Amino acid sequence: MHSLNSSEIEITTFFLIGIPGLEHAHVWLAIPLCLVYLLAILGNCTILFVIGTEPSLHAPMYYFLSMLAVSDLGLSLSSLPTMLRIFLFNATGISPNACFAQEFFIHGFTDMESSVLLVMSFDRFLAIRNPLRYNSILTSARVAKTGLVFLIKSMLLVLPFPFTLKRLTYCKKSLLSHSYCLHQDVMKLACSDNTVNFFYGFFVALCMMSDSLFIAVSYVFILKTVLGIGSHRERLKALNTCVSHICAVLIFYVPIIALASMHRFGKHKSPMAMILIADIFLLVPPLMNPIVYCVKTRQIRQRVLGKLGLK
């Protein structure tokens, strides 16, 4: 630490938090935490391996599913080190630079997953609305370009976060609210003016919320198209192709909207509720997305069982 003036000391270490009141059980909590992470990494790597090695799955829908798996892996690996350090070794300290790097990757992969879910909704609309031209419109080259654009957009969108946070002065407070670093959580520790961080963070949040709005609009058009199908059986068949995506959207957006709302507007928020929602936000989507798509997508399920010798 070094002195700013006679009354302020700049903080050079942030402290993360596990689960307050259950510090004595952190080692035991680390066991299911490790299991969840291993299953999430195994599940998403399995999705990537199966799609990559099966020529029959080299189609737009499965390419987008691969992008979703990459986003989930990024979220898991970005938060894994600090969470395991806290629960296994009670090592809560983290340097500001490491914290800024972590929140960059967490927010970057979060925005990437949001973008992938958006383009997947367009993919479902196109498959239902114009199935005959589906493969000619969404070619492999266009899907690859789309993925690259979304990756660059997501990283550029959150790139200012570490630099704007680094410009702030941190004193008096050093305890963060979660087991990992988030932009809105870190900037609240600053004792200098963080107006720029607040408004830019709000802008990034609006960009992600706009993704959810466009997803909702896509499903309005999907429902309109489905209702125009004469056969009841064909309507159910068309809607069934969207179930996995709807589940992924709900699993992703419900906790992130709840967490963002509590951070910005919650006056009497429960610290325990915030911690649990924040952990759900990073733990559940990477774990559940491979399970949902394996259960609901026959082609993926058959290939996975085939690789395991369980046909």
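Buried means under 20% relative accessible area. Asp111 has a relative accessible area of 0%, so Asp111 is buried. The model shown in these close-ups is predicted.

**View 1. Lys153 and Asp111 form a salt bridge.**
The closest N and O atoms of the pair are 2.9 Å apart. Lys153 lies in helix α5 (residues 140-158), and Asp111 lies in helix α3 (residues 96-129). The bridge therefore ties together parts that are 42 residues apart in sequence. Look at how the two partners sit. Lys153 is partly exposed, at 33% relative accessible area. Asp111, at 0%, is buried.

**View 2. Arg303 meets Glu54 in a salt bridge.**
Their side chains come to 3.6 Å, N to O. This pair links distant parts of the chain, 249 residues apart. Arg303 belongs to helix α12 (residues 298-307). Glu54 sits in the loop between α1 (26-53) and α2 (60-89). Is Glu54 buried or exposed? Its relative accessible area is 19%, and buried means under 20%, so Glu54 counts as buried. Arg303 has 21% relative accessibility, so Arg303 counts as partly exposed.

**View 3. Asp123 and Arg124 join in a salt bridge.**
The N to O distance between these side chains is 2.9 Å. Asp123 is buried. Arg124 is buried too. How many salt bridges does the count give? The count comes to three.

**View 4. Helix α1 crosses helix α11 (residues 271-296).**
Two packed helices are described by the angle between their axes and the distance between the axes. Here the axes come within 8 Å and cross at roughly 45°. The two helices are therefore oblique to each other. The crossing of α1 past α11 is left-handed. Which residues of α1 meet α11? They are Leu33, Val36, Tyr37, Leu39, Ala40, Gly43, Asn44 and Ile47. On the α11 side are Leu283, Pro286, Leu287, Pro290 and Cys294. By class, this contact of α1 with α11 holds eleven nonpolar and two polar residues, with no charged ones.

**View 5. Helix α3 packs on helix α11.**
The angle between α3 and α11 is about 35°. Their axes are 12 Å apart. This crossing is left-handed. From α3 come Ile106, Thr110, Glu113 and Met120. From α11 come Phe281, Leu282, Pro285, Asn289 and Tyr293. Sorted by class, the contact of α3 with α11 has six nonpolar, two polar and one charged residues.

**View 6. Helix α5 meets helix α8 (residues 195-227).**
The axes of α5 and α8 come within 10 Å. They cross at roughly 155°. Angles over 145 degrees count as roughly antiparallel, so α5 is roughly antiparallel to α8. On the α5 side, find Lys153, Leu156, Leu157 and Val158. On the α8 side, find Tyr200, Phe203, Val204, Cys207 and Asp211. The contact of α5 with α8 has seven nonpolar, no polar and two charged residues.

**View 7. Leu259 sits in helix α10 (residues 243-265).**
Is Leu259 buried or exposed? Leu259 is buried, with a relative accessible area of 3%. Leaving aside residues up to four places away in sequence, Leu259 touches His178, Leu182, Met274, Ile277, Ala278 and Phe281. One of these, Phe281, is also part of the contact between α3 and α11. Leu259 and Ile280 are 21 residues apart in sequence. In space they are 10.0 Å apart, C-alpha to C-alpha.

**View 8. Asn90 lies in the loop between α2 and β2 (93-94).**
Asn90 is exposed, with a relative accessible area of 54%. Now check the backbone. Most residues other than glycine have a negative phi. Phi of Asn90 is near 55°, a positive value. Which distance separates Asn90 from Leu16 in space? Their C-alpha atoms are 9.9 Å apart. In sequence, Asn90 and Leu16 are 74 residues apart.

Notes:
Residues numbered from 1 in each chain as written. Predicted model: local features only at pLDDT ≥ 70, side-chain atom pairs only at ≥ 80, totals over all residues. Heavy atoms only, no water. Salt bridge = Lys/Arg side-chain N within 4 Å of Asp/Glu carboxyl O. Helix = DSSP H or I, 4+ residues; strand = E, 2+ residues; numbered from the N terminus. Buried < 20%, exposed > 50% of the residue type's maximum accessible area, 1.4 Å probe, protein only. Axes fitted to C-alpha atoms, helices over the stretch in contact; angles between N-to-C directions. Parallel < 35°, antiparallel > 145°, perpendicular 65-115°, else oblique. Left-handed = near helix turned anticlockwise from the far one by under 90°. Contact = heavy atoms within 4.5 Å. Nonpolar A, V, L, I, M, F, W, Y, C, P; charged D, E, K, R; others polar.
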